[in-house]
Each structure stands twice: as structure tokens, then as C-alpha cells.
Amino acid sequence: MIRSELYKVFIKQHLILFLFVFLFLNAAYHIVTGYDTTTVIRNSESYYTSFFDKYEGKITTEKTTQIKEEYKKLEKDTVNMLSNKLEKQAFESFYHVYLYESDSGSGYLTDTRGWESILCHDNINYLLAVFVVLLGVMLFSVEYENEMNIMIVSTCGRNRLTGCKIFIGIAGAIISASLFQIVHIMYLVSTIGLHHADYPLNTIEFYENSRYGISLGTALLFKFIVTILGCMLLVSFAMLMTVLLKRREICMVLAVLLVILPRMIFSNSSILYRIPWITPLLSANGFFWPDRYTHQIIDNQLKKVIVFQAIETKTMLIVLSMDIFLIVLSSYIVFGKFSNHRKSKYIKMTSKILPCLLICFCLTGCGEISEDKEVIIDGTLNAQINMTIGGNMYYIDQNENLVYCEDAKNNIIAITRNIIPLQQRITNIFVDAHYCYYLLEDDNSSNIIVRSVDLESFEDKLVYSAGSDNTEDFYGLRKDESNDADEILKNIATVNWFIVTDKVIYYQKNSAIYKCSKISGKQEIIAEAVSDDEVQYLKGVLHYTDAHGKKTSYNESAK
């Protein structure tokens with residue numbers, strides 16, 4: 001049965017012809033685009049490679065002496081000939097690699113341009129993606145378009161046929177992903193070379209701050225396997241859409257959009273690699289990329305700003321596990337749907353629940369603390385001008401009115417970027433695993449504003465804005481603004497602390513604790529005459545100490 005299905009799909013549907021054409025186009029694409037290099041190195045290729053042939057390997061004292069002597073020799077050479085200029089330019093490029101490897105790299109010298117070409121880009125091979133979509137759609141579309149599926153009456157026959165189709169789809173995705181990647185690897189090996197696969201990953205300057213102590217060969221193997229996993233997920237989704245929609249052209253377009261749209265939405269953001277989906281698997285490299293920074297001019301000063309946050313090992317394992325689960329689940333639905341399995345009602349229910357599960361998973365981890373997470377805040381004034389989370393210290397620069405983050409390597413990153421100076425001053429910050437919240441106050445009113453910055457994309461959003469017009473007192477009565485000078489001074493007093501939860505914001509000001517609804521915007525006083533002692537939030541209960549030293553709590557669910 002497998003042989004007949006292979007003949008029907010690859011010969012009768014001409015999929016084998018598509019495979020050869022796409023492999024040829026894939027090879028042509030790599031030949032035309034070439035490998036990573038610079039114009040200077042390209043013009044002096046022979047000189048550049050000769051230096052690596054001479055000094056390749058672990059940097060030793062002897063090699064260091066020889067390289068420095070070579071440097072002095074070329075520096076003193078004043079002959080104005082083209083060959084001398086090219087040799088000097090090549091040595092300058094080589095010397096840059098030497099300085100990096102000896103100072104902060106792996107301590108090994110090798111030409112890494114081949115490795116950079118395959119490990120330093122997150123491009124998707126769309127030729128591979130389109131072929132995998134064709135494979136998944138053609139496996140099931142023929143029976144539906146010709147109404148041949150109703151001719152298979154035997155339950156055993158339908159089960160065997162469906163199993164064969166799913167097997168061919170998964171196996172075909174694995175083989176095609178391997179072939180397309182092998183073509184790229186063979187091109188690099190035959191041109192620039194992939195030398196010393198056992199060298200550490202940080203031999204490439206791009207991975208200077210990589211948190212993974214793996215070798216170049218291990219990184220390539222990881223990329224190879226993850227890309228195969230991506231093709232398996234893509235072909236299973238293509239088969240799933242075919243048995244659900246039963247229209248070849250529509251399924252092909254939708255399957256390709258599944259790859260393209262996430263890429264367009266998230267671009268080069270690390271958020272893409274935190275979602276269990278096809279696109280990050282086909283990109284693959286971003287899973288082990290290090291933190292990436294850029295420099296921007298903020299308030300007439302050059303600041304180092306993070307543009308890509310490295311993926312934690314735990315997050316990567318969870319995402320890959322979810323991807324494997326989606327492959328199994330979608331294949332299960334395809335099997336039940338096409339074979340008219342006796343448990344088809346469960347299949348139909350699963351096919352309806354699956355999109356909801358995917359949406360919910362993608363929307364979780366929004367960064368706000370859940371009721372089960374414990375938060376302890378020092379209740380004294382200015383206690384939240386800095387916070388340390390995950391080894392990073394977040395702090396407020398009160399002179400610049402900005403929030404910065406200093407990591408374990410003393411790299412300082414601007415979290416807030418005020419292109420237009422803020423009218424309010426930042427007085428408190430609250431940080432969790434995904435967001436940095438900052439509270440703004442205005443000396444001329446009692447208004448507070450809470451904004452959030454996504455620590456991955458650095459998107460700045462308004463979370464809450466409130467003033468006295470929607471404030472209720474402890475007894476539920478609306479309070480009016482007073483013109484009394486003492487009352488005005490109390491209104492503009494600085495907030496002691498604030499906590500952001502899923503639905504509300506708590507903060508203390510003037511010995512009173514306020515509760516602000518993020519949905520309705522209503523603000524109410526839940527406690528008065530509160531001390532400045534430690535505050536704890538756990539499982540939806542806020543624990544604090546009153547002015548008499550008595551431990552008191554406020555339960556959200558009881559109100």
C-alpha cells in the first residue's frame with residue numbers, strides 16, 4: 001500500500017519533479033548568494049586564507065610572537081604595490097579575528113565564514129517550506145477532489161491507507177528537510193569549508209556572549225534536527241487543513257501563510273522563538289543566539305539597547321516539547337478524520353479545541369503575576385527605585401527620568417526610551433519575568449500612571465491612568481478635590497510602593513492602600529492608617545501591617 005501511495009503522489013502527481021526542480025533552485029540560490037564575507041576579504045582571498053593556513057589552531061605563545069612580528073613587518077613595508085596593499089588589508093582582517101579570539105573568544109584561530117553563513121542567520125528556506133506544503137496537501141487532496149474517499153468501505157482498509165499517508169508525509173518531510181540542508185552544507189564545504197567542528201561556539205564573534213558551551217558541530221546538528229522538526233510540523237498541519245477544508249488551493253495558501261505571517265508580525269524579535277509554531281523551527285538558529293544589542297542616541301547620549309534577548313534553556317525545551325505534541329495531535333486528528341474512526345466525535349471535538357489551545361498558549365506568559373506567585377515588597381519610601389530580578393538590576397535614573405538595566409557583565413541597557421521628555425517623573429518600578437512596570441507621578445496633581453515595557457520587544461504600553469475623579473474612599477464614597485494647602489500636599493506625596501497583578505494594581509500613598517481595576521479604571525481605597533512595613537502578595541491575598549503594628553490582609557476574591 002505504501003508503494004502504491006508513493007507512486008500516486010510522487011509519479012502521478014509529479015511531486016518527484018517538483019523535488020528535483022526545488023533542489024536545483026535551492027542549489028542555485030546558495031551559489032548566487034554565496035557565503036558570508038566582506039569586500040576587503042573577497043579582493044584578497046588568497047592572502048587571507050594563507051594567514052589561517054599558517055596560524056590555524058590553538059593560540060600559543062609562539063604563534064602570538066609570530067603574528068606580532070608579521071604585523072610589524074607589514075607595518076614597516078612602504079612599497080606602494082597592489083599586492084602589498086591587498087596583503088595588508090587581508091592581514092588587518094585576520095588580525096581582528098586574532099584579537100577577538102585571544103581576548104574574549106575561544107582561543108582558537110580558524111576561518112569561520114562558512115560557520116557564520118549557516119549559524120548566524122535566521123532566514124527561512126521558503127523553497128523547502130513550499131515543497132513540504134505540496135507534499136502534505138497532495139497526499140489527501142486527490143481523494144477528496146475525485147470523491148474517491150467514499151469508495152473505501154472497509155474500516156481496516158481506511159485505517160491502513162490513512163496510516164500510510166501520514167507515514168509518507170512525516171517521512172517525506174524528514175527526507176526533504178535533510179536533502180535541502182545537505183545541499184547547503186555541501187556548497188559551503190566545497191567553497192569556503194566548515195573547518196574544526198569541535199571548536200567552541202564562541203569561536204564565531206557573533207556568539208561571543210553565548211550562554212551555551214557547545215561546539216560548532218553541535219550547533220549545526222541542533223539546527224539540522226530542529227529544521228526537520230519544523231518540516232514535520234508543517235506537513236502535519238498541511239495534512240490537517242486538507243482533511244478539514246478539502247480544497248487543494250486554499251490549503252496550500254493557508255499553509256504557506258502559517259509560515260510567513262509570524263515572520264512578518266514578529267520580525268527579528270525573540271518572541272518568535274517563545275511560541276510553539278512552525279516558523280521558529282524553520283529558522284532554528286535563534287534558539288541559541290546570544291543577547292544582541294544596538295546603540296541608539298537617547299537624550300544626546302549613546303546608549304546600548306538590547307534588540308534580541310537570548311532564549312532560556314527551559315523555555316526552549318518547553319517550546320520544542322509543545323511542537324512535538326502538536327505534531328502528534330494533528331496527526332491523530334488527521335487519522336480519525338480521514339479514516340472515519342469510530343471515535344470520530346472525539347476527533348471532531350479535538351479539532352475544534354486545538355485552535356483554542358494554540359491561541360491560549362500563545363497569549364499566556366503575558367508577564368503579570370499570577371495569584372500563586374509570591375511577591376514581597378519593602379513598604380518604605382523609595383524602596384522600588386531599583387529591583388533585582390534574574391541577576392539583572394533594574395533601576396531609575398532620577399536625573400534622566402529613565403529606567404535602566406544592568407546585567408551580570410555590567411552591560412547597561414535603557415529599558416525606557418523617552419524620545420519626547422516625560423511630563424511626569426518615574427518614582428517606582430515593578431519587574432517580573434517578562435515586563436518592567438514603571439509608575440509616573442505629577443507634582444501638580446494626584447494622578448498616577450502605570451506603563452509597562454516588554455523586556456523582549458521593548459514595546460511600551462499604557463497599563464493604567466487615574467486621578468481623583470474616579471477615587472472612592474474607604475467607605476465607598478466618592479472623594480472631591482480640596483483646595484486646602486495641606487490636602488494638596490498630601491495629594492502630591494510620592495507613592496511608597498505598587499504591585500501589578502492580573503486584574504488590579506495596588507499601591508500605597510499617604511498611609512492608604514489603593515486598589516485600581518485595570519479593566520474598568522475605577523480606583524478605591526481598601527485600607528487606611530497603614531504602616532510602612534513589608535507588604536506581601538500571595539494567592540490573591542495582600543498582607544500588610546496597620547499603624548498599630550497589627551498584621552492585616554485583604555482578599556481579592558472575598559470582595
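**Terms and their grounds**

Guide: Let us begin with a nonpolar patch, to which H11 gives the most, with 7 residues. Please keep in mind that this is a predicted model.

Visitor: Which residues form the nonpolar patch on the surface?

Guide: The patch consists of Leu244, Leu245, Ile250, Val253, Leu254, Leu257, Leu261, Met264 and Ile265, which together have about 800 Å² of accessible area. At least two of its residues come from each of helix H10 (216-245) and helix H11 (248-266).

Visitor: Why is Ile265 called exposed?

Guide: Ile265 lies in helix H11. Its relative accessible area is 63%, and exposed means over 50%. Therefore Ile265 is classed as exposed.

Visitor: What makes strands E6 and E7 a pair?

Guide: Pairing requires at least two bridges. Strand E6 (residues 386-389) and strand E7 (residues 392-397) are joined by 4 bridges, so they count as paired, and they run antiparallel. Met387, for instance, has Tyr394 in E7 as its bridge partner. The two strands form a hairpin with 2 residues between them, and Gly390 in the turn has a positive phi of about 60°.

Visitor: What is the mean pLDDT of the chain?

Guide: The mean is 80, and 80% of the residues reach 70 or more. Over residues 362-368, however, the pLDDT is below 50, and this stretch has 13 contacts in the model beyond near neighbours in sequence. Residues 468-483 also have a pLDDT below 50, with 34 such contacts. Where pLDDT is low, the predicted coordinates should not be read in detail.

Definitions and conventions:
Residues numbered from 1 in each chain as written. Predicted model: local features only at pLDDT ≥ 70, side-chain atom pairs only at ≥ 80, totals over all residues. Heavy atoms only, no water. Patch = residues over 30% accessible without salt bridge, like charges linked within 9 Å, V, L, I, M, F, W, Y side chains within 5 Å. Areas by Shrake-Rupley, 256 points an atom, 1.4 Å probe, with all protein chains shown as cover. Salt bridge = Lys/Arg side-chain N within 4 Å of Asp/Glu carboxyl O. Buried < 20%, exposed > 50% of the residue type's maximum accessible area, 1.4 Å probe, protein only. pLDDT = per-residue confidence, 0-100. Contact = heavy atoms within 4.5 Å.
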